Amino acid sequence: MTIRVLVVDDSGFFRRRVSEILAQDPLIEVIDTAADGREAINKAKMLRPDVITMDIEMPVMDGISAVREIMKDTPTPVLMFSSLTHEGARATLEALEAGAMDFLPKRFEDIARSKEEAILQLQQRVRAIARRRPRLASRPASAPPPRPVSPAPLRPGRTEAPAAAPERRSLPRRSGKSYQLLAIGTSTGGPVALQTVLTRLPANFPHPIVLVQHMPGTFTSAFAARLDGLCQIRVKEAEDGDALRPGHAYLAPGGRQMLFEGRPGSARLRIMDGNDKVNYKPSVDITFASAAKTYGGRVLAVVLTGMGADGRDGARLLKDQGASIWAQDEDTCVVYGMPQAVARAGIATESLPLPIIGEAIVNEMAG
């Protein structure tokens, strides 16, 4: 079935470039283009595309505002194009929170080693998000505010994070295992998924947390700062030599690899450039494998939404050591790639919907 795409950008050159790239894929049809956010909203209502590619900075109406309006009236998978700057990172994260599903740098050469690779990445992203139709973004005004999972007090200066209360579904039965680390890996759809999970953890969470999100290097600092402002736990971009502390989350810096050294209880992070032959920087497999060497089976590893199979091999090494492996379920993933790879390999002990994963983690590790 052909994927119908609306291309939105104020640059006529970029609209043509994106349209030409997508047209090379026999499964994709560019049905129209728009030059600003207001035009995009009108054409989304009229044409009902399967996917919209959206620039952020445009006249008349910017891309973030357009995404919010589209999600209210005609929810559609949106792929954002962003500049690889700190301000571009902040705007992209805001667009993802508004309802966009994924993003790519506007300069394709920033993410690809060749023209062919850049073309393939754009086509793959469009095909991947086309499979998931977002729900209406608005919540009834009468809906009760989200409740905290734990009675632990909020951090000073923090307000309650805007995470939706989890749906009532039975949590996994506690395994009774003893833990020393929570490790989470994700890719496409990960920024929103991580926010959903981490905002459920109390300030007194008893273990350190490591996060691996496929993301450019200029984005991870802004993303860590955003999470830190929303969560009761502390969140920072990982630095070489960081000592792992309970109730602190360390986000792997984009473009580098995150490993562990030392002994459990006094371990530190090593941040390295890594091998150029590795597809992902940071790589979930590499961080999980290093966790297996340092922590053995005293790890809860969670694989969230994302394209590909990064995390499967590292999760297998962790499970061989006796660690617990959870995967996000298909229904709540933006892209059921990474969790599916873990589930199909028989590595995951639980497959859970996103809204209850944070509460399940607290129940398993801190309950």
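The following legends describe close-up views of a predicted model.

Residues are numbered from 1 along each chain as its sequence is written, and side-chain values use heavy atoms, with hydrogens and water left out. Because the model is predicted, local features need pLDDT of at least 70 and side-chain atom pairs count only at pLDDT 80 or more, whereas totals for chains, interfaces and linings use all residues.

View 1. With a relative accessible area of 18%, Arg125 is buried; the term buried applies under 20%, exposed over 50% and partly exposed in between, for a 1.4 Å probe and protein chains only. Beyond residues up to four places away in sequence, Arg125 touches Leu79, Asp102, Phe103, Leu104 and Met307, a contact being heavy atoms within 4.5 Å. Met307 is 182 residues from Arg125 in sequence, yet their C-alpha atoms are 8.6 Å apart. A polar atom of the Arg125 side chain lies 3.1 Å from the backbone oxygen of Phe103.

**View 2. The packing of helix 2 against helix 3.** Helix 2 (residues 37-47) and helix 3 (residues 63-73) pack at an angle of about 20°, with axes 9 Å apart. The axes are lines fitted to C-alpha atoms, for helices over the stretch in contact, and angles run from 0 to 180 degrees between N-to-C directions. Helix 2 is therefore roughly parallel to helix 3; angles under 35 degrees count as roughly parallel, over 145 as roughly antiparallel, 65 to 115 as roughly perpendicular and the rest as oblique. Gly37, Ala40, Ile41, Ala44 and Lys45 of helix 2 make the contact with Ala66, Glu69, Ile70 and Asp73 of helix 3. These residues divide into five nonpolar, one polar and three charged; Ala, Val, Leu, Ile, Met, Phe, Trp, Tyr, Cys and Pro count as nonpolar, Asp, Glu, Lys and Arg as charged, and the others, Gly among them, as polar.

**View 3. Leu201 in the loop between helix 6 and strand 7.** The loop that holds Leu201 runs between helix 6 (190-198) and strand 7 (209-213). Leu201 is buried, at a relative accessible area of 0%. Apart from neighbours within four places in sequence, Leu201 is in contact with Leu182, Ile209, Gln232, Ile233, Gly358, Ile361 and Val362. Ile233 is 32 residues from Leu201 in sequence and 6.7 Å away in space, C-alpha to C-alpha.

**View 4. Thr294 in helix 8.** Helix 8 spans residues 284-295 and includes Thr294. The relative accessible area of Thr294 is 14%, so this residue is buried.

**View 5. Backbone geometry at Arg48, Val60 and Pro282.** Most residues other than glycine have a negative phi, and most peptide bonds are trans. Arg48, in the loop between helix 2 and strand 3 (51-55), has a positive phi near 50° and is partly exposed at 48% relative accessibility. Val60, in the loop between strand 3 and helix 3, has a positive phi of about 70° and is exposed at 70% relative accessibility. The peptide bond from Lys281 to Pro282 is cis, with omega near 5°; Pro282 is in the loop between strand 11 (268-272) and helix 8.

Notes. A polar contact is a pair of N or O atoms within 3.5 Å; within protein, one must be able to donate a hydrogen and the other to accept it, and residues adjacent in sequence count only if both atoms are side-chain atoms. Helices (H or I, at least four residues) and strands (E, at least two) are DSSP runs, numbered from the N terminus.
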